[in-house]
Amino acid sequence: MLEQRPLGAQGLRVSSLGLGCMGMSEFYGAIDEPEAIATIHRAIDLGCTFLDTADVYGPHTNERLVGRAIADRRDRVVLATKFGNMRSPDGAWTGINGRPEYVHACCDASLKRLGVAHIDLYYQHRVDRNVPIEETVGAMAELVKAGKVRYLGLSEAAAATIRRAHATHPITALQTEYSLWQRECEAEVLPAVRELGIGFVAYSPLGRGFLSGGYRSFEAFSEGDSRRKGPRFQPGNLEANLAIVEAIEAMAKAKGIAAAQLALAWVMARGKDVVPIPGTKRRRWLEMNVAAADVKLSEAEVAKLDAAAPVGITRGARYADMSTVNR
């Protein structure tokens, strides 16, 4: 069973490793909802009880899936979802919205789709540059007062934005991409949240699966897999980035563990205030990920991984359009 630990300084406790549910409904190839639900159930049984979704995944279908999976075990999970990104019914991305009325409407819609009375951790998925963060967080605080939300979070927010938000209402968690091939948050964001007593939730801790070593060419991604559009996975960039994977694989082999487990152990070694939420839609990969919590790294091993994947080594941007990331 996974350790339960505080996330932030506001009273929330979560499993030391969570489960990202996004890929169960979209982005990474074929969908198998019965297996996805079985994966969520297995996660809960293993003590991996921190579940992450968002209204935009599907769109909307992932929240419904998670809601069905936890319907008879709601009291055993910490449920996180997000608002702010907008998509049309056909799936097209249409912008970011942080207006107070939109915050309230999104929360009510998510509660209905999830089939729950409250959301444990409610994130602004992306910062709306056209709405002061104080207005958005002020509306989120109203949800806490109304009992619809327990704790508040931000995703992909800059340090200055986090400070302004936290001054408006205590922020419990900041969710940002963090892994051996994405370490830029170490410069400003991670120090800021630690100063403020905000927990750090690391999404894509396996670099969208790349750091597991299972993808060694562009052709490995099936048609419809969103990674085919990712700059880091394009021919040329992908081959250059394999150097990071090969370093991880070599160390993992020496320890007798999987590359994915070593990559997750590195994230978990950054501190007990850092909680990775690797995504998977299959039980076998979930069980492998959860076992990473038992991997212990020495200071020398951490230093060796740091040296193999220094900040800025990764070839290619995280997203084709980085304009939605608050920097």
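Mentor: Glu156, Glu177, Arg208 and Arg318 are joined in a network of salt bridges, a salt bridge being a side-chain nitrogen of Lys or Arg within 4 Å of a carboxyl oxygen of Asp or Glu. The model is predicted, so local features need pLDDT of at least 70 and side-chain atom pairs count only at pLDDT 80 or more, whereas totals for chains, interfaces and linings use all residues. Side-chain values use heavy atoms, with hydrogens and water left out, and residues are numbered from 1 along each chain as its sequence is written.

Across the whole structure, the search finds 28 salt bridges. Side chains of opposite charge can pair when their charged atoms come close.

One of the individual pairs is Asp273 with Arg194, whose closest N and O atoms lie 2.7 Å apart. This pair links distant parts of the chain, 79 residues apart: Asp273 sits in the loop between helix H8 (259-268) and strand E12 (274-276), and Arg194 belongs to helix H6 (residues 189-196). Helices (H or I, at least four residues) and strands (E, at least two) are DSSP runs, numbered from the N terminus. Asp273 is partly exposed at 25% relative accessible area, and Arg194 is partly exposed at 38%. For these terms, buried means under 20% relative accessible area, exposed over 50%, and partly exposed in between (1.4 Å probe, protein chains only).

Glu186 and Arg183 also meet through their side chains in a salt bridge, at 3.1 Å from N to O. Here Arg183 is buried, with a relative accessible area of 8%, while Glu186 is partly exposed at 22%. In the salt bridge between Arg228 and Glu223, the N to O distance is 3.3 Å. Arg228 is partly exposed at 22%, but Glu223 is exposed at 67%.

Turning to the interior, a nonpolar core is a set of buried Ala, Val, Leu, Ile, Met, Phe, Trp, Tyr and Cys residues joined through side-chain atoms within 4.5 Å. The largest such core has 83 residues, of which Leu19, Ile40, Ile70, Leu154, Leu174, Phe200 and Leu211 touch the most other members. Helix H8 supplies the largest share of this core, nine residues. Beyond its neighbours within four places in sequence, Leu211 has contacts (heavy atoms within 4.5 Å) with residues including Trp181, Leu206, Ile248, Ala259 and Ala263. A second, separate core of 14 residues includes Ala80, Leu121, Ala173 and Val275.
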